Amino acid sequence: MSAELLIAIIITVVGASTPILIAALGELVVEKAGVLNLGVEGMMLIGAVTGFIVMFTTGNPWLAVLAAAIAGMLSSMIFAFLTLSLSANQTATGLALTIFGTGLSALAGQGYSARPVDLFRSVFPAELATHPVWRVIFGYSPLVYFSLIMVFAVWWFLHKTRSGLILRAVGENDLSAHSIGYSVIGIRYAAVAFGGAMAGIAGAAFPLLLTPQWAERMTAGRGWIAVALVVFASWRPFRLLAGAYLFGLVMTVELYSKAGGGILSTIPAELWAAMPYIATVVVLVLISLRRTGSTSAPACLGKPFLATN
Amino acid sequence: MQFRLEKRPQPSRLMLYAAPILAVILTMLVGGAIFSAIGYDGPGAVREIFITPLVTSYKWQDLGIKAAPLIIIGVGLAVSYRANVWNIGAEGQYVVGGVCATGVALATYGMTGWWILPLMALAGVAGGAAYAAIPALLRTRLGVNEILTSLMLTYASVQLVYYLVRAPWKDPMGMGFPQTRIFSEAARLPTIIPGTIVHLGVPIAILVALIVWFVMARSLFGFQVRVVGAAPHAARYGGFSENRTIWLALLVSGGLAGLAGMLEVAGPFQRLVPGFPTNYGFTAIIAAFLGRLDPLGVIFASIVLAITFVGGEMAQTTIGLPAAAAGIFQAMMLFFLLAGDLLIRYRLKRVTHQPTEARA
């Protein structure tokens with residue numbers, strides 16, 4: 001394998017991993033606060049269509065990402081209101097949010113399909129990325145650096161700050177946190193809002209980073225893979241990074257198999273397309289084999305909190 | 001002015017049945033307002049989607065054949081969710097059921113005989129159940145979350161259809177189209193009302209719902225499912241095996257989804273095409289909830305959803321509403337229903353004075 005090809009593969013892997021990583025980081029924080037939001041896929045689609053439309057009309061990728069974050073956050077507030085304020089079933093509400101996001105994004109994106117936009121390209125001067133080795137460091141979209149910074153930021157927030165400690169306390173023992181005087185519902189609202197914003201940005205990464213256009217259901221289940229990845233990573237940000245890049249690798253193999261050549265092309269393209277989903281199942285099996293005894297899931301995950309006074 | 005939730009001494013039976021109806025009404029009002037706000041004909045959209053299919057008699061046959069798969073899948077999901085088993089991969093089990101039935105239809109191509117359709121149905125049920133057995137095995141043996149596995153398998157099943165119709169099962173006379181040949185006469189579902197498109201799947205759907213209702217209400221299995229779902233600890237003391245219930249819940253819901261797949265492929269489709277995965281498996285999730293996880297309720301919920309499907313299609317041509325509109329109305333119904341569920345266990349009470357303790 002030539003160095004050129006290797007570098008091209010690395011760059012593709014990083015690109016394919018980034019949306020999953022961003023969405024999964026958001027969901028990780030949400031779950032650490034004790035909330036299971038299965039609406040990631042729907043919020044990503046809302047973010048994707050918002051990001052696309054803003055990019056298409058303004059041509060400003062920064063604005064597109066910001067708008068997608070706001071749209072994702074707003075959609076997550078539907079979930080937050082139903083599950084946190086009205087204590088509706090979190091599983092069902094998350095599913096409803098995904099169905100809603102799929103419909104809403106298709107509605108909003110009507111008439112925008114097959115219209116190209118520019119990708120959100122590297123902000124570094126082109127001279128920095130001319131040499132192939134430098135391209136591995138400086139050749140990416142700002143979204144990629146954002147995702148990597150957020151891995152560190154989420155880890156730092158959860159494990160090194162007082163607010164992070166409180167958030168984890170709310171996820172581990174909501175009643176105690178409440179009795180000390182913390183607002184369980186308020187903290188969970190904030191966590192869900194963060195998760196929504198991250199899912200929105202992750203969605204915007206599809207038109208801005210991967211395929212520069214809008215297509216219905218263009219996130220193709222990546223939101224669900226992000227949810228699975230949080231379990232895979234045992235709710236730890238750096239493991240999330242490793243997991244997301246593993247999936248990016250699987251998806252990149254799919255792309256290269258389509259491009260043809262060698263052993264890869266003898267396997268049906270559909271099998272490659274199914275691979276990320278099969279890999280998710282396999283990975284879930286592997287971690288359950290590894291895990292002995294107690295799980296590392298937040299103790300209050302998915303359970304409603306109703307304070308009685 | 002502030003509202004506070006107060007627990008009812010008894011869950012409200014009135015709200016249990018009123019909540020779905022309220023949800024539909026609220027969806028019409030709020031949905032209409034939203035569509036007006038974004039520049040469509042809101043009242044027209046509500047009229048076309050919810051009313052027109054009901055008052056247009058030649059559309060009733062469409063309602064029947066759209067409701068049938070939703071009823072069959074939704075009833076299975078109702079059993080599963082009652083047991084607190086979150087099978088959300090019914091779409092995949094539906095697809096695999098359709099694929100297995102297609103396998104039988106192609107293997108018996110050109111043959112005649114009454115046994116072909118029952119054999120296809122058997123293959124469909126077995127295929128759907130087998131596909132649901134994967135999450136069941138992983139959940140009971142390894143504790144792997146069934147939500148994620150069943151859903152991932154759905155995405156994989158769609159690729160299976162694409163592969164089959166592109167390569168091994170492709171119609172040799174199909175001029176290159178990725179689809180199987182049209183099933184022979186004996187593998188096609190007969191219509192039951194001459195001159196319409198209402199096929200045998202419609203009465204089968206009603207029958208399935210009645211049988212499941214009877215089993216859930218009257219049998220030990222039904223009791224076990226309800227106890228395991230509502231009170232797992234009590235169930236354990238009562239000697240009910242949680243794993244057995246998980247298996248049964250997934251096999252029943254998967255098998256029924258597979259049956260729906262067979263009825264669709266042998267009925268409206270009559271061949272396997274790439275467009276076979278039609279999201280019935282996902283819409284049936286809404287049908288299960290809107291029907292209060294009760295088989296008879298699922299029948300009504302499925303009809304309401306079928307109305308929005310048929311109405312949504314009509315509204316595309318009559319008032320230029322986009323295809324996605326029906327999906328938005330369906331999701332809104334589920335949102336309002338979930339919100340309304342709170343009123344079963346709690347009532348809203350107005351808080352007139354500030355409570356002494358600072359509250360969240």
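These exercises walk through the two chains of a predicted model, each with a worked solution.

Residues are numbered from 1 along each chain as its sequence is written, while chains are lettered from A and ligands numbered from 1 in the order in which they are written. Because the model is predicted, local features need pLDDT of at least 70 and side-chain atom pairs count only at pLDDT 80 or more, whereas totals for chains, interfaces and linings use all residues.

**Exercise 1. The make-up of chain A**

Task: Work out how many helices and strands chain A has, and find its overall dimensions.

Solution, step by step:
- Start with the secondary structure. Chain A has twelve helices and zero strands; here helices (H or I, at least four residues) and strands (E, at least two) are DSSP runs, numbered from the N terminus.
- Next, take the box. Along the principal axes, the C-alpha atoms of chain A fill roughly 65 × 45 × 40 Å.
- Then compare with a globule. For 309 residues a compact globule would have a radius of gyration near 19 Å, and the 20 Å of chain A agrees with that. The radius is taken over C-alpha atoms, and the globule rule is 2.2 Å times the number of residues to the power 0.38.
- Finally, look at burial. In chain A, 52% of the 309 residues count as buried. A residue is buried if 20 or more other C-beta atoms lie within 10 Å of its own, exposed if 12 or fewer, and partly exposed in between, with C-beta atoms placed from the backbone.

**Exercise 2. The make-up of chain B**

Solution, step by step:
- With 360 residues, a compact globule would come near 21 Å in radius of gyration, and chain B, at 22 Å, agrees.
- Of the 360 residues of chain B, 52% are buried.
- Among contacts in chain B between residues at least 6 apart in sequence, 78% join residues at least 24 apart. Two residues are in contact if their C-beta atoms, placed from the backbone, lie within 7 Å.

**Exercise 3. A residue in a loop**

Task: Is Val35(A) buried or exposed? Which residues does Val35(A) contact, leaving aside its neighbours within four places in sequence?

Solution, step by step:
- Locate Val35(A) first: this residue sits in the loop between α1 and α2 (40-58) of chain A.
- Count its surroundings. Val35(A) has 30 other C-beta atoms within 10 Å, so this residue is buried.
- List its partners beyond those neighbours: Val30(A), Thr83(A), Gln90(A), Arg188(A), Ala191(A) and Val192(A).

**Exercise 4. Positive phi**

Task: What is the phi of Ser87(A), and what is the phi of Ala220(A)?

Solution, step by step:
- Recall the background: most residues other than glycine have a negative phi.
- Ser87(A) has a positive phi near 40 degrees. Ser87(A) lies in the loop between α3 (61-85) and α4 (90-108) of chain A and, with 19 other C-beta atoms within 10 Å, is partly exposed.
- Ala220(A) has a positive phi of about 45 degrees. Ala220(A) lies in the loop between α9 (184-210) and α10 of chain A and is partly exposed, with 16 other C-beta atoms within 10 Å.

**Exercise 5. A helix pair within chain A**

Task: Describe how α1 (residues 3-32) and α10 (residues 222-232) of chain A pack.

Solution, step by step:
- The two helices pack at about 55 degrees, with axes 8 Å apart. Axes are lines fitted to C-alpha atoms, for helices over the stretch in contact, and angles run from 0 to 180 degrees between N-to-C directions.
- α1(A) and α10(A) are therefore oblique to each other. Angles under 35 degrees count as roughly parallel, over 145 as roughly antiparallel, 65 to 115 as roughly perpendicular and the rest as oblique.

**Exercise 6. Where the chains meet**

Task: How many residues of each chain are in contact with the other, and how does α12 (residues 269-290) of chain A meet α6(B)?

Solution, step by step:
- 38 residues of chain B are in contact with 44 residues of chain A.
- On the side of chain B that touches chain A, α5 (116-142), α6 (146-166), α11 (280-290) and α13 (325-345) each supply at least two residues.
- That side divides into 29 nonpolar, six polar and three charged residues. Ala, Val, Leu, Ile, Met, Phe, Trp, Tyr, Cys and Pro count as nonpolar, Asp, Glu, Lys and Arg as charged, and the others, Gly among them, as polar.
- The axes of α12(A) and α6(B) come within 9 Å and cross at roughly 160 degrees, which makes the helices roughly antiparallel.
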